[in-house]
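Here's a quick briefing to read alongside the model.

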Amino acid sequence: MVTDNWKSRTRRVIEIVAIILFVVIGVTIILQTTAPSPPQGVPPKEKLTEARYYQKLGDGMVQCQLCFRKCTIQEGARGVCENRINIGGTLYSLVYANPCAIQIDPVEKEPLFHLLPGDTTLCFGTASCNQKCLFCHNWHMSQRTVEETDNIALSPEEAVTMAAEVGCNSISFTYNEPTVFYEYMYDIAKLAKEMGLVTYFHSNGTINPEPLRALLPYMDAACIDLKAFTEEFYLNVSSSELEPVLRTLKIIKEEGVWLEVVNLLIPTLNDDMDKLREMCIWIRDNLGEDTPLHFSRFFPAYKLLKLPPTPLETLDKAREIAQEVGLKYVYIGNAPGHIANSTFCPQCGELIIKRVGFIVQQYLLKEGRCAYCGYPIPGIWD
Amino acid sequence: MATQSPESGTNEPRILTRRLIIILIVGVVIVGALGAAVTIETECQHCSGDGKIECPFCKGIGAIGIPFSVECACRGEDPDCPICGGIGRYNTLTTTLCDTCLGKGCEICPKCGGDGRIKLIERFLKR
């Protein structure tokens with residue numbers, strides 16, 4: 001009787017232990033297989049910097065106010081630029097202190113021909129862009145997300161220190177559209193100005209007025225792409241709009257920041273000479289005849305491989321039209337060795353800055369004036 | 001009729017208990033191992049957990065270079081031209097998306113299907 005009781009008690013204990021063991025193992029397995037994993041490539045929220053210029057719309061939705069697109073972004077989603085993410089109703093920048101390109105370039109490469117000729121600049125760029133240009137030459141950065149590029153952790157303080165260490169007098173924000181790393185650009189530019197460095201940016205001009213006006217006090221110069229003078233081109237080739245670019249150009253001029261305009265001439269897409277004349281007249285009337293205009297030669301790239309390089313005749317014709325309209329400083333870029341790489345005095349016609357490609361071979365300006373006739377040449381020379 | 005000794009009577013439950021415990025432990029180990037093999041995932045060794053492998057065509061760059069010839073700005077009129085040497089044309093290179101990986105520089109790992117993780121049982125079976 002005693003033995004039977006002992007046996008049944010032992011069996012019960014064993015059964016309970018077995019059940020507990022199975023439950024523990026089962027729960028462990030379930031937890032392991034169902035644990036949520038964070039999205040790949042996205043840094044933890046604590047490491048992200050909150051974006052500037054956006055509105056909270058309620059229900060976790062936000063609206064970015066940085067560029068012309070004004071993306072409405074659901075929780076967990078990103079804007080068109082792929083660089084701004086909505087986490088829990090707050091918009092964060094994914095590229096702050098996270099550039100994928102840091103390089104020392106000649107200022108002429110920008111192209112800026114009326115700013116510190118022959119100087120070198122420390123250039124920064126990140127992943128992604130708010131435009132989708134079919135001809136992009138920097139597509140390996142601009143048309144990729146932050147997860148698809150190799151990035152370097154570099155704070156604004158470190159960026160400015162780096163410029164001083166490598167002997168650059170200026171810092172540039174370029175390669176991709178700097179609007180998509182606005183917060184990073186703003187903080188670097190502010191620090192750079194405190195350290196007496198020259199700052200400038202190369203943009204597609206689609207930033208909204210408010211953030212642009214906030215940025216310009218910390219910028220010495222801007223190089224803006226005016227890719228064409230038709231909405232059709234902007235829509236079909238760049239997935240963008242013309243009007244915001246014209247607005248940006250006017251604001252930069254109003255704010256007194258040195259401005260140069262770049263037009264990439266692409267065969268058959270934006271090389272209509274009547275439209276080019278309209279564009280030059282608009283530049284003369286709204287930005288002034290002293291505004292340098294660069295006609296840049298197209299080379300096949302990215303998704304526009306079937307078009308040939310821009311013929312030299314087209315570039316020459318465009319330059320002639322711009323000069324006929326009254327623009328004083330018209331250059332031809334991406335055509336090394338072309339005479340229009342150089343600067344000529346509008347008054348006496350003498351060659352005052354001789355360039356071959358990005359190299360300055362001759363500099364005949366004295367205190368910003370033509371060394372031959374004393375005519376003042378606008379720009380930032382010292 | 002043989003009489004059972006008091007010692008053997010007291011040992012029987014102990015032996016039974018031991019057998020039961022051993023069976024239970026072995027059972028738990030077998031079931032646990034099978035369960036783990038079926039459900040537990042580990043890092044894919046083929047892609048080191050990335051879920052993707054380097055594109056074999058562009059070697060991970062995502063781009064391919066296409067050479068082409070272009071007319072020099074000197075138009076062949078300057079025999080000392082530093083760009084073309086007086087020939088009037090020069091060769092340069094453009095880049096475009098790699099056709100194989102569509103510019104990504106990588107392909108989805110064929111072993112784990114892009115998850116970066118693989119179930120133990122699959123690994124054993126593939127071995």
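Chain A is assigned two domains, domain 1 (48–93) and domain 2 (101–370), with bounds that come from an automatic or database domain assignment. Their centres, taken over C-alpha atoms, are 28 Å apart. Bear in mind that this is a predicted model: local features need pLDDT of at least 70, side-chain atom pairs count only at pLDDT 80 or more, and totals for chains, interfaces and linings use all residues. Residues are numbered from 1 along each chain as its sequence is written, while chains are lettered from A and ligands numbered from 1 in the order in which they are written.

**Confidence**
- Chain A has a mean pLDDT of 93, and 94% of its residues reach 70 or more; pLDDT is the predictor's confidence in each residue, from 0 to 100.
- Watch residues 33–40 of chain A, where pLDDT stays under 50 and the model has 2 contacts beyond four places in sequence.
- Where pLDDT is low, the predicted coordinates should not be read in detail.

- Two residues are in contact if their C-beta atoms, placed from the backbone, lie within 7 Å.

**Core of chain A**
- The largest nonpolar core has 103 residues, and A:Ile188, A:Tyr200 and A:Ala222 touch the most other members. Such a core is a set of buried Ala, Val, Leu, Ile, Met, Phe, Trp, Tyr and Cys residues joined through C-beta atoms within 7 Å.
- Helix H4 (residues 182–194) of chain A gives the most to this core, with 7 residues. Helices (H or I, at least four residues) and strands (E, at least two) are DSSP runs, numbered from the N terminus.

**Strand S12 of chain A**
- How many residues of strand S12 (residues 258–265) are buried? The count is 8 of 8; buried means 20 or more other C-beta atoms within 10 Å of a residue's own, exposed 12 or fewer, and partly exposed in between, with C-beta atoms placed from the backbone.
- S12(A) pairs in the parallel sense with strand S11 (residues 221–225) of chain A over 5 bridges, and A:Ala221 stands opposite A:Trp258. Two strands pair if DSSP finds at least two bridges between them.
- S12(A) also pairs in the parallel sense with strand S13 (residues 293–297) of chain A over 5 bridges, where A:Leu264 stands opposite A:Ser296.

**Chain B and its contact with chain A**
- Chain B has 2 helices and 6 strands, and buried residues make up 16% of its 127 residues.
- The contact takes 30 residues from chain B and 25 residues from chain A.
- On the chain B side, H1(B) gives the most, with 12 residues.
- By class, that side has 18 nonpolar, 9 polar and 3 charged residues.

How values were computed. Ala, Val, Leu, Ile, Met, Phe, Trp, Tyr, Cys and Pro count as nonpolar, Asp, Glu, Lys and Arg as charged, and the others, Gly among them, as polar.
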